[in-house]
Structure formats: structure tokens, C-alpha cells
Amino acid sequence: MSPRQTLSSSAPDVLAPTGVVRIYEVSPRDGLQNEPEILPVEAKLRLVAGLVEAGLTDIEVTSFVRASWIPQLSDAAELVGRLPRVEGVRYWGLVPNERGLERAVEVGLRHVATFMSASETHNRKNVNRTRQESLSALRQVIGAARDEGVVVRSYLSTVFGCPYEGPVAIADSVNLALSLMEAGADEIALGDTTGMGDPALVQRVIAAMVQAGVPLERIALHMHDTKGTALANILAGYQAGVRTFDGSIGGVGGCPYAPGASGNAATEDLVHMLHAMGVHTGVDLDRACQAGQALAQDLGRPLPGRYLRYWLGAHARTAAARTA
Ligand code: MG
């Protein structure tokens, strides 16, 4: 791989200052990958432009998996080629392997995300490998990325529970997180893949990670609202010192490999809660809702995010009052 035009800025990577929360937006990738109707690249560009407009600075835009695996994301190269270049905005691409990494770097991405599961069965069902096989392969991918100066986030799924195995040993998640960091991952995103976590478990997991030497500033939380606990779990993570949280506009998307899983934490819900607490996110909530409204129109259905629904209702009332 050779140096190519870069989409990243010189903004400091990954580390968010204490007291300020960094929102990592996943809607263009995790949000859309389960959508049965393939969204035109123009609609995806509209979504990303709306997210940038709302002040989101970390946006996972697509995945470099085989096109046959996730047809929705088969336009990855075209999409990335047409993204708005904005100072301070980092675009991330999900990469399953070294070939995916090469493709991401070829189109100019300087930020990539890898993935594996904390539980053996989910990992086998998701990527058809044992955890040890995944870890060996990811060491190569992460090492190659680091050689290129590419920043790496490593997702660890099913940390707070596995749909096949039930509870997951915290020690397993900790050891995998440490191995991924040793391999060179800059950030570890702990995923509650099917919304099995609870606030007490979140605090236990974070405490164990920190005690084992995973720095708080390198931990992100990717929570699902499958059973309505995403915000409570995020608050528990915030109280435990985590400052990076994943959100998806309108709560769009889930996990295609976990039966029944749905509902990424909605960015607007998360931003609203944090702002109400006096925590800065750099996100303009109204503009985030506008991005959610536009995405709902493009998908042709209402989105599950609760703040977005409130905001749309409030706007409808205001409009009705104006015309009364
Ligand atoms: Mg998700």
C-alpha cells in the first residue's frame, strides 16, 4: 500500500478530553447495513452531510466487506470518494481483513475499525472463526494498519452478554481487549450486541478493564437499546469515566447476526441526555434531528429514536399553531 490522498485532518485522534463526550456516529454503516432496500449513494451522502452539519466529527461511513456479504454497503469506494472533506471530521471504515484494509486505504481512509466477539459462539457464527483465529488474523490487520499510520478502533462484540451463550466472562473480554491493544488498536469499542447489559454490569466491566490496564480514554461503548437499557448503560459508562459513546441517528440499525437484535442507541437521545447534564458533545441537537428527519424520509418510515419522535411532534405542533 502506498500513501494516497487522505480524508483525515490533523485533529488529535481518539482521545477526548475529560468532561467532554465524543460521539462516534455509526448510522451510515451499522445503521444502514440491515436495511433491506438499498439506499442510493446520493441518500447516503445526504446523510453524511447532515451528520457533519450537526457537528459529528467521527463517522463510520461504510464497510469494506465483500459486496455479496452486505450488498447495502457495496458502494463503499464510490461513497468514500464523494464524501465532503471537512477539517476536523474523521471518516471511519469497517474492515474485516487485510484485503478490506487495503481497499479502505486505497480510497483514502485513515481510520478503520476491526471486529470480533468476546464470546466464542457469536464469533463463530459471525465470522466463522474461533476467537483465537480471529485474534491472530486481527493482529496482522492491525499491524498492517499501524505500519501505514492508520488509526484503528477494534470492536469487541457481546461483551455484556451473548445471544447464544448468555453471560460472558468479564475476564475473557478483558484479555481480548488487552490483546487487541497489544496488537496496536488505538481504541476498544465494547459492544452490547443484543442489549443484554445493565448499568451494574457496565460498571463492573469498565472497572475490570481499567484495573487490567486498559486506559479509560481508549474505551468506547457501543450500546443497543434492544430492551430499553441503552441510555441507562451509557450513563453508567459515563459515571465510570468512559467518554466515547457510539450513537446512530434516529436509532437506526442493529446487528444482523444476533437474532432479534435491533436498536442502536439513538444519537439524539444520547446528545439530549448529555446536554441536559451539562456535558459537551459538540453536536447541534436540532441539526442532528434534521439529519434524522431526512434519513426517515429517505428510508420511507419513522425511525425508533425517541428524542427524534418528540422533536418531529413538537415541530408538527408549532407548524399547526402557525397556520391556526
Ligand atoms: Mg450496533
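The following legends describe close-up views of a predicted model. Local features are reported where pLDDT is at least 70, and side-chain atom pairs count only at pLDDT 80 or more, while totals for chains, interfaces and linings use all residues. Residues are numbered from 1 along each chain as its sequence is written.

**View 1. The barrel and its strand E2.** The barrel is closed by 8 strands in the order E1-E2-E3-E4-E5-E6-E7-E8, with parallel pairing. From one strand to the next, the twist averages 25 degrees. Strands (E, at least two residues) and helices (H or I, at least four) are DSSP runs numbered from the N terminus, and two strands pair if DSSP finds at least two bridges between them. Strand E2 (residues 58-63) pairs with strand E3 (residues 90-94) in the parallel sense over 5 bridges. Strand E1 (residues 22-25) and E2 also pair in the parallel sense, over 2 bridges. Ile 59 of E2 is the bridge partner of Glu 25, and Tyr 91 in E3 is the bridge partner of Ile 59. For Thr 62, the bridge partner in E3 is Gly 93. A residue is buried if 20 or more other C-beta atoms lie within 10 Å of its own, exposed if 12 or fewer, and partly exposed in between, with C-beta atoms placed from the backbone. Because 6 of the 6 residues of E2 are buried, this strand is largely enclosed by the rest of the structure.

**View 2. Packing of helices H6 and H7.** Two packed helices are described by the angle between their axes and the distance between the axes. Axes are lines fitted to C-alpha atoms, for helices over the stretch in contact, and angles run from 0 to 180 degrees between N-to-C directions. The axes of helix H6 (residues 131-147) and helix H7 (residues 170-183) come within 9 Å and cross at roughly 25 degrees. H6 is therefore roughly parallel to H7; angles under 35 degrees count as roughly parallel, over 145 as roughly antiparallel, 65 to 115 as roughly perpendicular and the rest as oblique. H6 passes H7 in a right-handed crossing, in which the near helix is turned clockwise from the far one; a crossing is left-handed if the turn is anticlockwise by less than a right angle. Residues of H6 that meet H7 include Leu 135, Leu 138 and Ile 142, and those of H7 include Leu 176 and Leu 180. Two residues are in contact if their C-beta atoms, placed from the backbone, lie within 7 Å.

**View 3. Packing of helices H8 and H9.** Helix H8 (residues 199-212) packs against helix H9 (residues 230-239) at an angle of about 35 degrees, the axes being 8 Å apart. The crossing of H8 past H9 is right-handed. On the H8 side, Pro 199, Val 202, Gln 203 and Ile 206 make the contact, and on the H9 side Ala 232, Asn 233, Ala 236 and Gly 237.

View 4. The axes of H10 and H11 come within 10 Å and cross at roughly 170 degrees. The two helices are therefore roughly antiparallel to each other. Among the contacting residues are Val 271 and His 275 of H10 and Leu 285 and Cys 289 of H11. Asp 284 lies in the loop between helix H10 (267-276) and helix H11 (285-299). This residue is partly exposed, with 15 other C-beta atoms within 10 Å. Leaving aside neighbours within four places in sequence, Asp 284 is in contact with Ala 54 and Gly 55. Asp 284 and Glu 268 are 16 residues apart in sequence, and their C-alpha atoms are 9.4 Å apart in space.

View 5. Most residues other than glycine have a negative phi. Asn 128, in the loop between H5 and H6, has a positive phi of about 60 degrees although it is not a glycine. Asn 128 counts as exposed, with 9 C-beta neighbours inside 10 Å. Thr 158, in the loop between E5 and H7, likewise has a positive phi, near 55 degrees. Thr 158 counts as buried, with 29 C-beta neighbours inside 10 Å. Thr 193 lies in the loop between strand E6 (187-192) and H8 and counts as buried, with 30 C-beta neighbours inside 10 Å. The C-alpha atoms of Thr 193 and Gly 161 are separated by 7.6 Å, although the residues are 32 apart along the chain.
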